[in-house]
Amino acid sequence: MTHHKLFLEERPSIGLSFFRLFAAFTVGAHIIPTLLPLQDNYLSTAFKEKNPSFFTPLALGIVEASPDGLVIFMTVFFLVFLFFFAIGLFSQISCILMVLGCYYFYALNSLHIGTLSYDILLVTLFLMCITGYHGDFFSVDSLRRGDPLAYKKKRPFFVQRLLQIQIASTFFYTGLCKFTASGNWLTANPIYYLLNSVPESAVKHFPGRVFFAHQPQLCYFIGIFIILSELSMPFLLFYRRTRYWAIAYGFLFHIMLVATLHVPTIFFFLFPPQLLLFINPEDIVAWIDKKRGQNAAKGREKIIYDGHCHFCVGSIRRVQVLDLTAKLEPVNYQPIEDLSKIDARLTRDLCHSQMQLLTKNGKLYGGFYAFRRMTLILPLLFPLAPVMYFPGMQWIGSFIYNLIAKNRYLLHRKGTCKDNLCFRP
Amino acid sequence: MMSTKIRNIAISVFAAAWLILFNYESLRFNYLNPIAGRELPKFKFLFPPAGWIMFYQVDETEGTAEVYGIKGDRPEFIDPHRIFNNHWIGYDNIRRNVMVSVLYPFYAESFCRYLKRRFPEYDKFAVMQVLYPSNIQYPGRRIMRPFYEC
């Protein structure tokens, strides 16, 4: 049944996982700046504003009674779970606890963070908390699970569908309010008023502002165009043929918004990624599979590991999770009689002592240097590259790597190799 | 492990309830309240108070607050960025007119306490309401009146 498919059909959750990264960034970019001057914003010395239309008096009263120690605790609590949510560690529970922190600071002082866009963010986060599907990929959770095909994992589509409906409806209702209720976009000329507002107003000093500020007719028609585009967004986004144009327009709309107005960047950081949730997840998976096929056909970098070491096998599986487009080809050296067929420099002793990375252009890296090289090959490890290539890291990294490599048989999860001698050749 | 059938029922119920609630809160303030002729209940802890009303009503008047620190008889304008020293990526909350909040009489006492702590160098403070009557007809004209002192 079609209506059943709308929410219950199982589809890849990779888009939702990608969106989690932006949701975490948006939360951090909005709340962390207010935590820096804690004394001015949240402690007993702060000037605070309440939002009684959002919270109940009881909730406001409880939060208001917070001693400074609790505020500091909640700051650390929030930052920890924001970080966990961002890296996808215990994704669902860290989402819930992070959102609890979002609510706490909102109830404590709504002056700086409490905006319409923050209310929208909370609606989005509420939906994200319903399931842990957003931790299926781009997450520590996916590394813990070690499933190299996690990017294909199928889940009921309802969370992503509700997020799609949310943003499409927000566009629609925003447009509707502009000319119904007490909106004045048809009866007056809001864009013209904004452009002629005082220099300290919400309008930025962008190129062309002076020109448009003297064109009331043009401003009015831009206003009409904005209303029409907002009203038509749900139809353009849900209709397959116009979807990608609507996403592109949505991006442009938010770029223009942030370029011209001092509005919270929640709009800019959250809405465009939320529009990307309209991209068919099967198309994303098909694109990834195509890239994997192309990389396999072109020949891949070989990662040579010890297949008798469960810790190494687990680590390779985690590398495969990170290797979305299969740029690496894992090779277990144990069953291979003649390693020189792979490369003349490879010996059993060399491969036993540490993991080896053989690049397509014939360069051989071992141990820490192999891992360091991977941070330049796998896009998901790019953020680690500056750390790995930081001066001095070759000594620290090699020391840690060698320590682990020498004792890798002790790292079996089941502890069956207590003497560190299992499977030694 | 939840069976697929139970999971599907749970998802269906949640999705239906969510869509009803989402659209109710989107329409409640501006459309349903006038039809009902009364204030319909708001779902607390979620959703904005009046629906999705981004820049829905903009007119040619503006208003804000300015704070002056007074040392002896000399008033000095205090830059609002010094009063609320927050820095966001990509926008300026002061330009979003966060200062207007201090004009609510309910907040006068706590704002005065805040000012005295932040700026101990001043003897007292004057919080002024600033109105721009029309940016179109009288560009640049501003009317300033004292709101409260601390």
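Good morning. I begin with helix 17 of chain A, whose buried residues are covered by elements including helix 9 (140-145), strand 3 (301-305), strand 4 (328-332) and helix 19 (368-377) of chain A. Buried here describes a residue with 20 or more other C-beta atoms within 10 Å of its own; exposed describes 12 or fewer, partly exposed the range in between, and the C-beta atoms are placed from the backbone. Helices (H or I, at least four residues) and strands (E, at least two) are DSSP runs, numbered from the N terminus.

Please note that this is a predicted model, in which local features need pLDDT of at least 70 and side-chain atom pairs count only at pLDDT 80 or more, while totals for chains, interfaces and linings use all residues. Residues are numbered from 1 along each chain as its sequence is written, and chains are lettered from A and ligands numbered from 1 in the order in which they are written.

To return to helix 17 of chain A: this helix holds 13 residues, 310-322, and spans 18 Å from first C-alpha to last, close to the expected 18 Å. The expected span is 1.5 Å times one less than the number of residues. Its buried residues are A:C312, A:S315, A:I316, A:V319 and A:V321. As a general point, an α-helix has 3.6 residues a turn, so residues three or four places apart point the same way.

Now to chain A as a whole. Its secondary structure amounts to 21 helices and six strands, and 40% of its 425 residues count as buried. The C-alpha atoms fill a box of roughly 85 × 55 × 50 Å along the principal axes. The domain assignment gives domain 1 (1-156), domain 2 (157-263) and domain 3 (299-411); such bounds come from an automatic or database assignment. Between the C-alpha centres of domain 2 and domain 3 of chain A there are 51 Å.

Is A:G88 buried or exposed? A:G88 counts as buried, because 25 C-beta neighbours lie inside 10 Å. A:G88 sits in the loop between helix 5 (68-87) and helix 6 (91-108) of chain A. Beyond its neighbours within four places in sequence, A:G88 is in contact (C-beta atoms, placed from the backbone, within 7 Å) with A:R20, A:G135, A:F138, A:S139, A:V140, A:D141 and A:S142. A:S17, 71 residues away in sequence, lies 8.7 Å from A:G88, C-alpha to C-alpha.

I turn to chain B, where four strands form an open antiparallel sheet in the order 2-1-3-4. Strand 2 (74-78) and strand 4 (143-149) of chain B are at the edges with a single partner strand each, so one side of each has no neighbour in the sheet. Two strands pair if DSSP finds at least two bridges between them. Strand 1 (62-71) and strand 3 (124-132) of chain B are joined by nine bridges, and B:A65 has B:Q129 as its bridge partner. Strand 3 and strand 4 of chain B pair over six bridges, with B:V130 opposite B:M144. Of the seven residues in strand 4 of chain B, the count of buried ones is zero.

Finally, the contact between the chains takes 50 residues from chain B and 53 residues from chain A. Which helix of chain B gives the most to the side that touches chain A? Helix 1 of chain B does, with nine residues.

Note on methods
Two residues are in contact if their C-beta atoms, placed from the backbone, lie within 7 Å.
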